[in-house]
Amino acid sequence: MTLSADLRSEITHAMDHHGGPRAAMLESLRMIQQAHGWVCDAHLEEAAALLGVTTAEMEDIATFYSLIFRQPVGERLILLCDGASCYLNGGEDVRDAVMARLGIGFGQTTPDGKYTLINICCVGGCDHAPAAVIGRDRKLVGPLTPETIDEILGEAAL
Amino acid sequence: MNEHKPLTGRARPDRSPHTLEEWRKLGGYAAVERGLKALSPEQVLDMVDDANLNGRGGAGFPAAKKWRFMPKPGQSPGDGPSYFIVNGDEMEPGAFKDRILLEAVPHQLIEGAILAAYATHSSEIIVLIRDAYRDAIANVTRAIAEAEAAGYLGRNVLGSGFDVKMWVHPSAGRYIVGEETALIEALEGKRAVPRKRPPFPAQSGLWGRPTTVNNVETVSCVSHIVANGAQWFRALSRTEEGGTKVFGVSGRVNRPGIIEAPMGTPAGELIEQAGGVSGTGVLRCFQPGGGASGFLEPDALDVPLDFGNVAKAGSMFGTGTMIVLDQSACPLAVIARHMAFYARESCGWCTPCRDGLPWVAQIMMRLERGEGRMEDLDVLRETVAIAGPRGRTFCDLMGGAMAPLGSGLARFGDLFEAHVREGCCPIAREYGRSAA
Ligand SMILES: Cc1cc2nc3c(=O)[nH]c(=O)nc-3n(C[C@H](O)[C@H](O)[C@H](O)COP(=O)(O)O)c2cc1C
Ligand code: SF4
Ligand code: FES
């Protein structure tokens, strides 16, 4: 797989305008992920070449950040908050219900490739606790209850 | 403008941002015009100094004092720009105040950033925003483009001779990116591991250039100070420390939310405004400033919440976003969640943090399940004694993590022991699990 012309030019633009090639590494990874859902080896190597950095340097960054995915994720992404304010409002009941419903744990994707469930620190939605951010737009949802999780599972489209 | 809520008074309930035109109609950019045309950088800096603006990112360091470390033109070592960085990484448990300032009032942030860059002789402004805040990233990016088109950013802004550009750097997870020297590493395209200080960022920061890092809320205050004067800003507060504060109240309260109120507003009043304590309706304890602040109990409800007074009361004002526990909530369980968070987010550079925190988190989980031993409490106390004091680790993540643990052990020692003795959580036994 090769990067689209659009992506290549966006990466070059980030490099020219936002502090040079090294500073643009994370931005490039984010753009690739936005377009493809995750970052595969071929894309990572191509972006590194475009920026003039080594693959190892690029990998160094990709593996540091928890929200750069180096393996495929499901069509629907659920980042469920495990922070204290959510815990205090029944977050773990919601967690248990989501896990039971999908049959997966944190960091896993359903066998049909539909859902990926990830735990995340406070998402800045403590006034909507228990909260999650879902999908490509990281839409904030909450307060969640075990009874209403089906709605958010439906909405979490990538 | 709502004068008692300068920072959030203009935010719309649905948090949709204003266009530049709408913002100008509300008085927006008047402060930038005034600052750049009528005031020198030093005068802007002096106003912020007189206003007693303390940093809102956690440590409460006086903004003007930090800005004075930045070299004046001609004194700067070598060639190249100075940088002004806005820290929008907000990931502390219980902190959700910067989100509204980024999403709903991005032009307020841009105004403050322009004036701050002017005062610190910086020609590039970078706003780092965490990945989960996609609306914030989009809204700030759009507002920057509008400000550029209107001539508030770019070359020779408003004919003042001041050049400044601004852009957004979206992050991709990892709490440690919010630590200011780790943030600088991140912007240089490295793994976000904190740097050794000295040199401080004002001497050698991003790409070795003079750099200032301030929190979103700190920066959002600046245009109001320039527009209305230092005296006015100080008078907003109930204490010595200037301004209002964008407080947050969450956890066991009936109407959790953001409350902008005078600096120095006591916790009791804020909890009242948040609809009072939920669950049993009776307060057990609270953390006044996010996950890394020590617990306070009902006897502290009258303490004016500002950096100085909360420190005197034995905790830390931190982010000013409090987490409330009622009688049916177990502080040990909350600490266990915090420890799991800090353990996960350690950057791994220093041993007490990388190896100590996962151990502490495991012990806390074991205690919560009623499987702990009395010796575990000694290990916890020892870890607090070793790694709690500032300066024992490379950055304050470890020290911050020790604050809730240390204060929990000190205040609720009996409860810790009861978990061991009784082989279960006595609070859960009395009230049931996760009563809300
Ligand atoms: C582990 C860690 C995480 C931090 N995260 C943030 C953050 O997300 N936002 C922030 O403004 N400050 C954060 N800080 C504090 C910054 O290092 C820095 O002090 C702050 O951005 C300075 O801004 P201020 O002076 O305006 O408060 C963090 C500090 C530590 C030790
Ligand atoms: S205290 Fe923890 S987060 Fe901070 S530098 Fe050391 S290992 Fe990294
Ligand atoms: S603790 Fe879950 S959103 Fe803040």
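**Close-up 1. Leu357(B) and the residues it touches in this predicted model.** Leaving out residues up to four places away in sequence, Leu357(B) touches Met339(B), Tyr342(B), Ala343(B) and Pro352(B), and also Leu397(B), Met398(B), Ala401(B) and Met402(B).

**Close-up 2. The largest nonpolar core, with its 85 residues.** Leu357(B) turns up again here: along with Met364(B), Leu380(B) and Leu405(B), it touches the most other members. If you're wondering which element gives the most to this core, look at helix α13 of chain B, residues 331–345, which puts in nine residues. A separate core of 76 residues lies apart from this one, and its members include Cys86(A), Val48(B), Leu53(B) and Val86(B).

**Close-up 3. Polar contacts to ligand 1 from chain B.** Gly57(B) uses its backbone here, with an N or O atom 2.7 Å from an oxygen atom of the ligand. Asn215(B) works through its side chain, where an N or O atom sits 2.7 Å from an oxygen atom of ligand 1. Asn87(B) has a polar side-chain atom 3.0 Å from a ligand oxygen. On its own, ligand 1 exposes 620 Å², and the protein buries 88% of that.

**Close-up 4. The shell of 18 residues around ligand 1.** Coming nearest are Gly57(B), Glu180(B), Asn214(B), Asn215(B) and Thr218(B). By type, the shell splits into seven charged, seven polar and four nonpolar residues. In chain B, β4 (211–215) and α17 (396–411) each bring at least two residues to it, and β4(B) gives the most, with three.

How values were computed:
Residues numbered from 1 in each chain as written. Chains lettered and ligands numbered in written order. Predicted model: local features only at pLDDT ≥ 70, side-chain atom pairs only at ≥ 80, totals over all residues. Heavy atoms only, no water. Near = heavy atom within 4 Å. Polar contact = N/O pair within 3.5 Å; in protein donor to acceptor, adjacent residues only side chain to side chain. Areas by Shrake-Rupley, 256 points an atom, 1.4 Å probe, with all protein chains shown as cover. Helix = DSSP H or I, 4+ residues; strand = E, 2+ residues; numbered from the N terminus. Nonpolar A, V, L, I, M, F, W, Y, C, P; charged D, E, K, R; others polar. Core = buried A, V, L, I, M, F, W, Y, C linked by side-chain atoms within 4.5 Å. Buried < 20%, exposed > 50% of the residue type's maximum accessible area, 1.4 Å probe, protein only. Contact = heavy atoms within 4.5 Å.
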